[in-house]
Amino acid sequence: MYKRLLSGLLCVICICSLCACGNTNETDVIPEQNTDDVTEYLKENPPVMQIANPWSDCTTIEEAEDIAGFNFDSVKSAEVNTISVMKGTDYNIIQIAFYDGENKVTIRKANTEDSISGDYNIYNQEKPLIKDEVLISVRGDDNLYSLVEWSRNGYSYSISCEQGIEFEIIESY
């Protein structure tokens, strides 16, 4: 009788062990999430910690010049759509954007000689251009050039054009 009781008890323990290990609770399965739901949740509950936007919008070029501490004379007469300035720890950048309905052109100037374009694309074509003894880098694809960069007198300049423009037009300025 003692052996039967012990055998029965061991069987119960084994069955309980197997049941515990074979649990297929649905919480172990990661539910499929709808990205619209996640986007909506983030709109309603923004993250507590965010990286600050280093750019400040300005209403005039003069205001941007005051913040940056240098002049941007070459575009004073053009019709500008947006003006912004970034005051950094190492240097300041003035960014001016123009829209003509089809194309966006962004011009930047900074008090550094480093590259400031913010364009990290790899272009198939690069042509050097020399104007007033300054080497200008012109890059693009399919004979349309999207990025122009140069440095002069302690300042860096960049012009980026979303649709790209022909080299001859760049060369004529």
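Mentor: The answer begins with the basis of the model and then turns to the pocket.

This is a predicted model, in which local features need pLDDT of at least 70, side-chain atom pairs count only at pLDDT 80 or more, and totals for chains, interfaces and linings use all residues. Residues are numbered from 1 along each chain as its sequence is written, and side-chain values use heavy atoms, with hydrogens and water left out.

The protein contains four helices and eight strands (DSSP runs numbered from the N terminus: helices are H or I with at least four residues, strands E with at least two). Along the sequence their order is α-α-β-α-β-β-β-β-β-β-β-α.

A pocket is defined on a 1 Å grid over the protein atoms alone, as an open set of points where a 1.4 Å probe fits, with protein on both sides within 12 Å along at least five of seven lines; lining residues have an atom within 4 Å of a point. The volume of the second largest pocket is about 210 Å³, taken as the space filled by probe spheres set on the points, which are joined across faces, edges and corners.

Strand β8 provides the largest share, with four residues.
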